[in-house]
Amino acid sequence: MSLKDRNIWLLAPAVLLIALCFLYPVSWLLQRSVSEPVWGLQNYVTIFSKTIYLGVLWNTVAIAGATTILCALIGFPVAYSMVHSTPWVRKVLIFSVLIPFWTSILVRSFAWLVILQGGGVINDILLGIGLVAQPLDLVYNRLGVLIGMVQVLLPFMVFPLYSVMARIDGSYVKAATNLGATPVRAFFRVYLPLCFPGLATGAMLVFIIALGYFITPALLGGRGDIMIAQLIFERIDEFGDWPLASALAIVLLLGTGLLFLLINAFLKIRGGRI
Amino acid sequence: MGDTRKPTGISRRKLLATSLYASASVAALGIAGRPASASVDLEGREMVFASWGGSYQAAQETAYCIPFMDATGAFVIQDGPMNGSKLRTMVESGEPVWDVVDVTDTFLAANEALFEDLDFNIVDASPLDQTYVHKKGIGCIIWSYNVAFNTDVVGSNTPANWADVFDVEKFPGKRALRDRVYPMLEIALMADGVAKDDLYPLDVDRGFAKLDTIKEHAIWYTSNSAAQQLFVDGEVGLGVLLNGRTFDVHKKGAPVNLSWDQNIRSIDYLVIPQGAPNADVAQHFMNATIDAANQALMANLLAYAPCNPAAFGMIEPDVLPWLATTEANADKGVLINAEYWRENLAALTERWTEWKLS
Amino acid sequence: MFHSERFWGRLRGVINVLLVVYMLAPLVVTLVISFSSALYLTFPPPGFSLQWYEKMFDNPTWTRTLWTSVQILVPAAFFATVLGTAAALALSRMQSKWAVVIRSLLMAPLIIPVIITAAAIFGVFRIWGLYGTLTGLIIAHVILTLPFVLATVSANLAVFDKRLEDAAANCGAPPWTAFRRITLPLISPAVMSGMLFAMVISFDELIVSLFLSTPRVRPVTVQMWSNVKGDTDPTIAAIATVLFLFSLFALLIDGLARRRSGRAPGL
């Protein structure tokens, strides 16, 4: 039927654009990971034989994973409130969630430093009311990185969740409670599974964007909070080491792809049971 | 096109160079400085100048580009901000957009193949201190890593040298240190007692061992703006900071000062990317950056040091103490060895990252 | 039951307030600093002054680069939304294995580190004459923002009941009408949030813009970043504040317009 044709026409512009202006130049660049200095896998051997690359890859996954979980924990109630509140509250929430984008990365990080550092706003308050005797270490460590990243990445969790939650028919949950389920049970067995597409999309977006972050971790993190994008940037910027940088990018790409295949497979198995 | 003009250009410039030294008056120098490049007529030509943006590039525009345009009739387009990856990509593609770029000494040393040789038939580097002349670049500013401190935090007990920065008993609390293997290895070795003139080749293991002692007492910064902030807010009492950055907040009233002991000097070079479309104009442009009056103007604007000794006579007295190349300050410090870093930067950067992770 | 509902309502209220504080705190700090009398960035500021606003409005570069950013983000978000939504619709209907491959391809710009994308695009765009043009930046931003639209719309289509559209088709509605009358209204929150993402990502994007911009075509992010070697003063805080007020204003106007026209509150 014409349905198939229609799909092709709907896909064509996006696919052509990405293939021509992204896939073609980027794959030309990435092939250098196997073609230079000589043909072979030497760049991949370097990555997997040196502790720094594996260590930084692990760091990256750990930071991105923690950011994703925090975004989900904060984003879920916020999205729920956006759906179930007055238009005015919804507007305030949407506005607040989008705020970080209006300030440049430098200003944003600087503002966080002012708030979090030893003589910063939070520590001043805590010391002032005598809640702590010593200033807390809120920044220049993993905590600082997470505070900064969650604030920027939250919209990518909230909006997919919001758009899915807004479509969920409240009568399902009512039906469950009427049939004797406790509200908590109804939430976990009925509401949460219905939100799942939004939650999964949000988590995917947050995780992937977090993988590529490096300016925020570099400014708010401690010495151990190095992320892979920073290493790739450094290899290119200072040394022009395209082959190794490309190999790192490919490892990142394949790793992310593999992770999502695993999650997908896992969900399919679980999905059968729900 | 320049072939017929070159000889006259040079002889006139040499003539003027001598007259520059002979004259003592700033005003006279200012006037005499102009016709030097005016011997070249570049009317209708353009070139693209790329640097680090902000007030720094604005000062370079005032000090180098405008005098060059006035003298030759060429037009200089301001571009940037300079970015190593973009520069590299454009040169590797064979057709750079930029004709003159501001790069650091370590970048130039590690990437010499990216740049054109200077044509010393056009470029007259003779007025310069030859330490700051590279076959591919003219030193435009000299800056230094210094022991810096917040006077509100450290009080009268001011740190004098790197040993003080590493002394966690004398100066408890956090210190701000650069998150980069250079100049941190040099700093660690000097803190450990290595004389400034015996630094190279660096004793890497000894340096890292010394760094271990301070690992948990430091905030490692990647951005100079962030570092400025650490000092201004008193988050750290002491540490390492660029002299220009220290001067910037000091003159604006922040309680931040520096010590010149064991300062580590670095050079920013102006270079011509390989294959630059207006390389011939760029070669002539170099003379405008060598000019003593222009270098003095740059120093007066931002306190970055000149490498043309004749410029010192035209620099305001309150700026002089902040410059890395005055005899007094230069004697106390050491020039970073870009040749050493060309050979070792890649391997040591890897080791630095590994060290940070451990 | 009533009691517990009120408890959950209160809890939600508390969470909302905490969220607003968390999200706005850095902006409040920025706002305060933008009125600082100190010549360097410091908090709390020693006194009040409007010097940074004067400095900002005195320098035409800021308004010019802001305008450039708007000229990029509006078409980029528009094309990303149209192309991304179309692709999401097609992919949701495809059963073949190719759908996974195509989806991964369209999502790839999100995963490849931006520095690699930037360098690669820079290379071909120079050959194609797109370097330093608005068109070039718009195309690049469409590539970078399209995955966001695709992902958000796809999530919504996953909970979309296709029988609705089939029903419309069975009743004799042509595909476009069925889409416009049935599908689009149902997925519009997702399309809107996708577009919103596209706009803010485009506005916030730095690395690709850094590669593709020239003095003539320069987005505001590049201008803000372009202060690496000079000094840092509160001008950047003033810019952030102006942008904030501008978006607040847009939100209020939008709210008033909706109230007057009686339209349903959307995003």
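Read along the sequence, chain A follows the pattern α-α-α-α-α-α-α-α-α-α-α-α-α. The model is predicted, so local features need pLDDT of at least 70 and side-chain atom pairs count only at pLDDT 80 or more, whereas totals for chains, interfaces and linings use all residues. Residues are numbered from 1 along each chain as its sequence is written, and chains are lettered from A and ligands numbered from 1 in the order in which they are written.

**Exercise 1. Describe the make-up of chain A.**

Step 1. Count the elements: chain A has 13 helices and 0 strands. Helices (H or I, at least four residues) and strands (E, at least two) are DSSP runs, numbered from the N terminus.

Step 2. Take the extent: the C-alpha trace of chain A spans about 70 × 70 × 35 Å along its principal axes.

Step 3. Consider burial: 49% of the 274 residues of chain A count as buried. A residue is buried if 20 or more other C-beta atoms lie within 10 Å of its own, exposed if 12 or fewer, and partly exposed in between, with C-beta atoms placed from the backbone.

Step 4. Consider contacts: among those in chain A with a separation of 6 or more, 72% are between residues 24 or more positions apart. Two residues are in contact if their C-beta atoms, placed from the backbone, lie within 7 Å.

**Exercise 2. Characterise the contact between chains A and C.**

Step 1. Chain A contributes 72 residues and chain C contributes 76 residues.

Step 2. Several helices of chain A supply at least two residues each to the side that touches chain C, among them α1 (2–30), α4 (51–83) and α13 (242–273). The most comes from α1(A), with 17 residues.

Step 3. By class, this side of chain A holds 55 nonpolar, 13 polar and 4 charged residues. Here Ala, Val, Leu, Ile, Met, Phe, Trp, Tyr, Cys and Pro count as nonpolar, Asp, Glu, Lys and Arg as charged, and the others, Gly among them, as polar.

**Exercise 3. Characterise the contact between chains B and C.**

Step 1. In this contact, 25 residues of chain B meet 21 residues of chain C.

Step 2. The elements of chain B that each supply at least two residues to the side touching chain C include α3 (54–72) and β2 (75–79). The largest share of that side, 4 residues, comes from α10(B).

Step 3. By class, the side of chain B that touches chain C has 7 nonpolar, 13 polar and 5 charged residues.
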